[in-house]
Amino acid sequence: MTAVNARSVDSPTSDGSHAPLITLENVRWHVPTPRGLVKAVDGVSLSARDGEIVCLVGESGCGKTTTGKIAAGLLTPTSGRVLYEGRDISSLRGDDFNRFRRGVQLVHQDPYASINPMHTVGATLSAPLRRHGFAGSSSAARTRAAELLDLVDLTPSKDFLDKYPHQLSGGQRQRVAIARALTVEPRFIVADEPVSMVDVSIRISLLNTMLRLQRELGTGFLFITHDLALARYFAWGGRIGVMYVGRMVELGLASDLVANPQHPYTRALLSAIPEADPELTRRKTRVELRSLEIPSLLKLPSGCTFHPRCPQFETGLCEVSVPQLRAPGSTVAELDSSNVHAVACHVVARG
Amino acid sequence: MNGTVASAIGGTGVFAPPSRFRLPWSSAVDARVDGSKLPKEVVLSVRDLTVAYRVRRGMVQAVRKVSFDLRRGETLALIGESGSGKTTLALALVRLLVRAAKVTDGTVVYQRDGRAVDVLRVGSDALRHYRWNECAMVFQSALNALNPVLRVREQFIDVARAHGMTNRATAVARTLELLKLVQLDAERVAGSYPHELSGGMRQRVLIAMGLLLDPQVIILDEPTTALDILTQRTVIDLLRRLKEERQFALILVSHDLALAAELADQVATVYAGRIVECGSVADIFYRPNHPYTVGLLNAVPTLSGDFRSLVSVRGQPPDLIDLPRGCSFLPRCPFGTPECEREDPHLVSVVPGGPSIPGAGSHTAACFHAPTVAKGFSRRLQTEQGDEVASPDASAKRGAR
C-alpha cells in the first residue's frame, strides 16, 4: 500500500542474527517511601532489535515512563538487567559505556521544559556534537546542526539555527529535541509521549518524521504513549506492549494486538477509546469492568493485579498467583520472543 | 453506584430549584430583546460575536463574527487547534473574558420560557443569575478549578449561597444528590479535599457542580483532556446519560475529534477565530466541505479499519493580529486559488437555499471551493459485517434500518 505500510520488522541494518540491540531482563523499580514500598515497575522484560519500533502503552502510573528511563540508562533498576548489544550496561565502563550512552537517546515529553531557553537552536545542537567528537570545529558543528534540522523537517534550516526556543512552536521545539537526540547518531531512541504536548493537527507530521528516520537511518524506537490509536499508527509493523500497574500484560505485533486483543485489560482499553468516527464510536460494544478504581501502587492486589477489576475474574485462580507473560497455549513464560503474541492472563492462557 | 440516576433526580424532588432561587428577570429589563422571532426551542442564539484582545502589538482577533443557534437538549462541539479562539468564544458566552479582551460586536441572546435577554447587555444582577443558574461553565483543568483548601461540600455550598440558595441543609442534600448522580461515593467525596480525589473524580465533581442550579446550558471546556482512557470513558458515558435525562444544551470545547464524534449533535470547526464549517456530526465527519475540516480528519489515527497513511495540516496557524488577506486558511490550503486571496469567504449553506446560520438542520462552510473539497473526500469505514463501504452509503443504510 504505502511505504510506511511495507515497513518490515527486520531492519535493513540488522546483521541477520536477530540478536537484540537492547534487552530489559525482568527489570524492577521498587522505591521505598515512608508509606511503603512502591512497585513502579515490577518485572518487565522486553527487547528490541536494531531498527525495531516498540510501543509501550498504558494509563498514567502504569510504569511506562519509568521503563523507558530504565531502557535509556537513566535509572538503574532495583533488580533485573539491561543489556545493550548483549552486555549488561551496569558492567560497562569508559568507552564502552559512552558507546551505550550515544547509542540510546531519550526524547522527553515536554519540549517546553527539555530545551534550554537561553541557548539558540544551533548552540543546543552543537554542544553534543562537539562533546562527543562528531564535529571538530564550531563551523563543522554548525554545518552538521543544519543538516540535522533538515533531517527533522525544520526547513530552511538556516532560519532556525539562530532562533531561541521561545520563538518556536511546540511542534518545532519537539523537532529540535529529536534533532538533538540525533546528534550522537543513536541506534535507538526512547521517545516518551513525544507528541502529547503538540497540537492534534501537527502530531501526525511529527510521527511521520520519526517514521522516516526509522526507515532512512534505521533508528529503533521505544515509543511511550497513552494513546493506542497513535501507537497503532506508529508501530504498524512493529510491536505494542500494554502495561498495567508496573507489569506488562500483553505484548504483540501492533496490527495483531489491536485487531485481536487477548488480555481483558487491553480489551477494556480498546473498547473504551473514543474514535473520530461517530457511527463507529457510538456502536462500539464496551467491556464493562467490575470496578473503576485503579489500585494504589502501595497496596497492589494479590495475584494478577487486574483481578479486582477484571470481568473474567475467576475465584481461586486469579487472586492466587501472578500470571506470566506467555503465548496462549504455551506453558513456558516468554521473556520476549519477537513475533509471539504474549498475554499475562490465567484465563486466556488456559484457552 | 448509589441508586439509579432516575431515583437520584426524582427521589426527593429537590432537583427543580424552588422559585425563590430565581432572581427576577426584571433586573434584566433593559437588555430584553424581541424573542418573538426566535424559535421556541432555541436557548442560545449568537450573532456576529467578535472578541479582540488588546496586546502591545495590536489587536488579537480571537473571535470573528461567530453566529450559531443552540437548541434545547442539543450538543454543539467546537473543534479546532489550540489558539483557534474556541475557549475565548466559550468565555464570551458567559462574559468571563479577561479585562484585556473586548467584545467589539455581536449579540448573545439567551431564551428561557419565551423570555429572551441579550447576555452581553444585562446588568450585574441578571448576569450573576445567568451564570450558573442558566448557563454553567465547567473549566478545563479540574485541579485548578477547585479551591484546594476547602472541602468539596463547602465549595458546593459557596456556589449555592452565592446564587440565593441560603438554606445550608437544602444545599448539602442537593450536593449529595448530585455527587451520587455523577457516580461518586457522595458522603466521602463531599468531605474530601480536592487533592484527595483523582483527576476523573475531580472532573465529575465539577460536572456535578455545574448541574447544581439546574442550568439550561452547560459549557464544557476540554472535559476529558487530562484523563486516562477508562476514566475518560466514564465521563463521556456520564455526560451522554445526563444530557439525555436532563435535556440541557451542551457546548463542548475540545481539540479532540473523537470526543465530538462521541457526544455531539452539531459540530463547528473553528479556525482563526471563525466558524469555518458547521453541520451535523455526520455531515462533518462523513461529508466535510471545508479543507480545514478535511485536514483535521486526515490527521487523526483510528483504531479500527485498515492502516492508512495520515498527513498533518501543513503549515502553522496564522497570526491573529496580522491575519492573511482573504481566506485565513489560504496559506495552508491545498485548494487555494487567486479568488481566495481577494475575499474572505462567508459561511454559506452547502445545500443550495439552505439556512446559512449554523444550527440544527443546516450544514454551512466558508469556502469558495466547498463542492470540490466535498467531492475529493472519501472516508471508508467498516460496517458491522466487516465489509467496507464508502461512508455516505453506510450511514444511509443504517438510517434505513
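These legends go with close-up views of a predicted model.

**View 1. Where the two domains of chain B meet.** Where they touch, domain 1 of chain B puts in 27 residues and domain 2 of chain B puts in 20 residues.

**View 2. A closer look at the domain 1 side of that contact in chain B.** Strand 2 (58-71), strand 3 (75-79) and helix 9 (257-263) of chain B each give two or more residues to the side of domain 1 that touches domain 2. Strand 2 of chain B gives the most, with 13 residues. Sorted by class, this side of domain 1 of chain B has 12 nonpolar, 7 polar and 8 charged residues.

**View 3. Chain A against chain B.** Here the contact takes 36 residues from chain A and 37 residues from chain B. Helix 7 of chain A gives the most, with 6 residues. The class tally for the chain A side is 20 nonpolar, 8 polar and 8 charged residues.

**View 4. An open sheet in chain B.** Its 8 strands line up in the order 6-7-8-3-9-10-12-11, with mixed pairing. At the edges sit strand 6 (135-138) and strand 11 (348-349) of chain B, each pairing on one side only.

**View 5. Strands 6 and 7 of chain B, up close.** Strand 6 and strand 7 (residues 217-221) of chain B run parallel and are joined by 4 bridges. Look for C135(B), which stands opposite V217(B) in strand 7 of chain B.

Terms used: Residues numbered from 1 in each chain as written. Chains lettered and ligands numbered in written order. Predicted model: local features only at pLDDT ≥ 70, side-chain atom pairs only at ≥ 80, totals over all residues. Contact = placed C-beta atoms within 7 Å. Nonpolar A, V, L, I, M, F, W, Y, C, P; charged D, E, K, R; others polar. Pairing = 2+ DSSP bridges.
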